[in-house]
Each structure stands twice: as structure tokens, then as C-alpha cells.
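Got the viewer open and ready? Let's take a walk through this model, one selection at a time.

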Amino acid sequence: MFIYPKTYGVIVVGAGHAGCEAALASARMGVPTLLLTMNLDSVAQMSCNPSIGGLGKGQIVREMDALGGEMAKNTDRTGLQFRMLNRGKGPAVQSPRAQCDKKLYQFTMKHTIEQQPNLDLKQAETVRILVEHGRTCGILTKTGTVFRSQAVILTTGTFLHGLIHIGQTQTSGGRGGELAAELLSHPLQELGFEMGRLKTGTPPRINAKTIDFSKCIPQPGDDPPIPFSHWTERVTQPQLPCYLTYTNALTHQVIRDNLDRSPLYSGQIKAIGPRYCPSIEDKVVKFRDKERHQVFLEPEGYQTEEYYANGISTSLPEDVQLAVVRTIPGLEHAEIMRSGYAIEYDFCPPTQLFSTMETKLVKQLYFGGQINGTTGYEEAAGQGLMAGINAALAIQGEEPLVLGREEAYIGVMIDDLVTKGVDEPYRVFTSRAEYRLVLRTDNADLRLMAHGYRVGLIPEDKYRAFCRYHLLIQQALERGRIAPSAPSPLVGEGVGEGAEGLAPWTLEKVREEVAIQTKYAGYIARQRFEITRFRKMEQKAIPVDFDYDAIPGLLIEARQKLKRVRPHSIGQASRIPGVTPADISLLLVYLTKRRGVSVLTP
């Protein structure tokens, strides 16, 4: 055994989207950080669709950017098509999305990590989390090297006991062409963690030279493209179109004729897949009345002929995949470059976490991404960012940063995970947010940039420019006698009323924000009133060691679930499935009787 001579503050295991954000955050906050990956050539790999954003997801990316994350900036550098979804609807449900050059995205993020001070990037497979006296102290690699640290963040993606399915063929793998992590699940179980299995999948990739685009409907991006990052003034790289086509009756018949060869329907796949991103087999079986399904043909990069066939994710045998593809208009002579597949993998139910992303079983051990049962790059990255921030804050002896449901989609997602758990891969949608009119893409900076500045991820000069921007909005709204819809940030000294020092924001951006807040002022005020009531429930804290067995009359189901989740407040307790309003009333009465108890939450 070799003990590496350098001790780190934070070790991040896994260099996917969650791991990259976690490592960059802790390093930028001044904590010596090590990022470990099984393959240095796969840092920030876009395993499925090379796209960022979408409904709910775009809001998360904008929020991460306001907090000091990297995903939005990297998307702006590498996106080949940008679109604002739901333009015909109100701002509460509008979401940005970008198709990226997948290799350019990957290598640009890797280079950012390699250049980051306080951050070491190394190739190694982690096989054990080291724990002393209930607190993590480092990791052990497959080759016998021990890396010591004060905190560990696990972001293992789909690699834990990953099993790939193509028809009846099963192969071990973390994703197509890469090895699975076979040795880490059992040590996690030995530490006491509950484990489960989930499934996701991907469609075939098509060679563009064999696509007849004249039979497809062009889907251009926005002109000009709207950047993701608050710091990007404009996107300068050339933009490419996507294309739309459809399945048909023949497509569906080929699938029905071969369902016995589908691992999804033969019983070969045991795990549950994502409800909101079903395979084409699932669509055909469960939506028999649908005559056709959309298929978006999306380029995977500037320097490749691969096109992503969005809409026909499948684990059917390769011969059936080819037959299915060639029934689709424009793809009659298509050649598949990579087959679609399904993958099963281990995860840890997220009710084993605090809202800080720290595990309840082991101090200073954090989980982020698909290990928590989520699906999607954006959900993973948001969790990774919060885990990195909170690990660094804990090491520095500072209070954690926990975003509420009323503050951010990131807060909605994390609260859903740690309070409700998952029984299928979790995906963010605008419909999950009760206060989505307040949680818009346009005001992510107004909501969250003060937090990013406080933890040290937003530089002073950029924050001063933001403060000037926010002050101009406040002054305009006050002239119109409309209360600002976001709390004031920590406005620094010397913030003037003019436009000097406003970059990268513009006066046009000020006008747009004022127009939105003015137009929806009544609705926003109503949600603000609801948020005030919500916060009162969140402020009714519950001691972390509260004895639920001491409450007479509490239903057994409620007692079990409250003990499992250990909610930090009455508000969180009320959102636990199976806990009734009557249970909450009993809990409130009992807490009132014990008034004066010192309440400590993690």
C-alpha cells in the first residue's frame, strides 16, 4: 500500500458533469482538491445526447452560472445550436437549450480543469471510501494507493456495477466502450448504505452521409443565439440546423413483432427506467393510439458525421434497430455508426442524504449525480456544484449553503430527492416548482448571485457589475412603484446609478427584466405571499436527533418515514410521502410542548 504524500481538502471521485462542477467549486473556494477518474480521456463525456438545457434543466444551468459554476460558460464556447424553448408561452416556463459539439465540450472542460489552481486531475479507480470514527478520511484505489482528505464527494454516474443490454447480449460497462466500476458498491453497503438499481438508455447514432435530409423538416436555432452564461456577451461560433422526422405504422409493427427480443420486455432488464424519457419500445406499447412519434436528428459535432437520433432510444438487437431506423422517412438507407443500448447501474436512495448533499451515515462524505437516482447532465451538475460548495464550506468552518424550493430549481430538485426519494430516475421539469413564476431563467442572477459571491465563486469585479445592474432594475421599478421580485444582494460601496461598469449586462437587459416584472407584477406578488407562508413552515425547525417514537398517536408509516428522512423542518416533514396533515399537527403540538429545545440542523 502506498500513501500518497499530499493530503487534500476534498477528493472528488468521478469526472462526469457532477464531478467536474464539484471539483472546480471546491478548488475555486481555496480548498486543495483532487479529481479522480477511471479514464482521463472521458472527462465531462456527453454519454447520451450532446445537449445542455431544456425544460427545467435550462433553469438549473443558469442558476449554476449565477452561483459560479462552469457548465453554462462551457456550453457557450461549444454549442452548435441554441434555442429558447416555449417562446410562445410565459417566462415562467421558457427554458434555454443548446446542442453542443460533444468532443469540443469534453476537451474544453478538461482543459479548464487542468488549468485550475488548487486542483489535481488523476486517473485511478476508487475501490473503497476510508472512514475513521464515522468521518471520511480519504479513498483507496485499485492499485493500492491511499489518497488522504478531509472530505470525499462520490459522483459515480452509471458506472457502479454497470450492465449494458443490446438485445439478449449483456456486457459489463459504465457506458458504451468503457469499463464498469465493479468494486465500490460492496464497500458502500458495508458502510451501511442502502443500494438499488436503475436503468437508462440511448438511441443509435446515424451516419449523416446516409441520411436524406430532403425528407426531413429543418429545425434551425435562434438567430441570434442567446447565451447560457451571464458572462457571455454573444455566441460567435457557426450554428447548425437539426432535423425532424417521424416514426410510422411500419416502424411500430417492426417493434411489436420483435418485443420478445427486447430485454425490456423479456424480463432481462429488472431495473426501472426514466418515465419521461422512455425507449421507443415503451412508446409503441404504452401509447398504442399514437400513429407516429417525433425523431429529432441532431448533429454531434462540427468535425463528425454522427447524428443523434433523439426519440428512438432502444435496447433492441442490432438487426432490429437497423430495420426500425430504415422505416423512418429520410433514414431509408441509413447506416448505424453506434447501436443504441440500455444500461442498468447501482445507486443509493437519496433519502440517505442531508440537504447539503452530505450523507447521514458518514460525516464529510457527499454524493452527487446519478448515484442519487437522477438522470441528466444538468441535474447531476447542479448536485455536484452544491456538494463541492458545501464540502469546502465545512472544511472552512462556515455555515452550509442550502437553497430552498422558493429560491431555485436546484433547491426544488435537492429537496425532492432527500425528502421524497426516488422510485425511478429523477428528472427536473418546470411543473415540479410551485413558485416557477419567481424561478425564471431571466432572474437566476438576481436570485442567486449573492450566494455565489458569499462563498467566493463570483469575483469582486463581476459582482460589482451585477450590483450596478440590480440597482438600475430596482430604481426603475421604484419609479413605477412596483416592488422588486427578488431580494437585494449585498450591494457594495460605490455602486452608482449610471450604466458605467455594467458589462457584461446591458441597458437592454435592464429594460427586459423591468418589463417582465412589471407585466407579471400581480402574479409575482401572489407567489411572494405564498412564499412567505412557505418560509414560516420551513423556519419551524426540528432537532436532528428528535425522538419520533415519543409522539403518541403518530401513525406507524409516518413514524418510520420521519425517522428515515430526519426532516430539518416542519415544512420538509409535510412533504414526505405518507406523512398526513394529522401527523404534522401532532408533531407541531409535541414540538410546541418542548419549546426552548436547542435546534441544530446539519
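Start with the lining of the second largest pocket: its residues split into 11 nonpolar, 6 polar and 9 charged. Here Ala, Val, Leu, Ile, Met, Phe, Trp, Tyr, Cys and Pro count as nonpolar, Asp, Glu, Lys and Arg as charged, and the others, Gly among them, as polar. A pocket is an open set of points on a 1 Å grid over the protein atoms alone, where a 1.4 Å probe fits, with protein on both sides within 12 Å along at least five of seven lines; lining residues have an atom within 4 Å of a point.

Before going on, note that this is a predicted model: local features need pLDDT of at least 70, side-chain atom pairs count only at pLDDT 80 or more, and totals for chains, interfaces and linings use all residues. Residues are numbered from 1 along each chain as its sequence is written, and side-chain values use heavy atoms, leaving out hydrogens and water.

Now select R62, I226, D442, K509 and E512: of the 26 lining residues, these lie nearest the pocket's centre. Then pick helix α13 (residues 507-519), which gives the largest share of the lining, 7 residues. Helices (H or I, at least four residues) and strands (E, at least two) are DSSP runs, numbered from the N terminus.

Next, jump to residues 556-565, helix α15. Which of its residues are buried? They include A558, R559, L562 and V565. Buried means under 20% relative accessible area, exposed over 50%, and partly exposed in between (1.4 Å probe, protein chains only).

R566 is in the loop between α15 and α16 and, at 26% relative accessibility, counts as partly exposed.

For another positive phi, near 80 degrees, select M357. Look for M357 in the loop between β20 (341-347) and β21 (365-367); at 1% relative accessibility, M357 counts as buried.

Last stop: P224, in the loop between β15 (217-219) and β16 (242-246). A cis peptide bond joins D223 and P224, with omega about 5 degrees. Most residues other than glycine have a negative phi, and most peptide bonds are trans.
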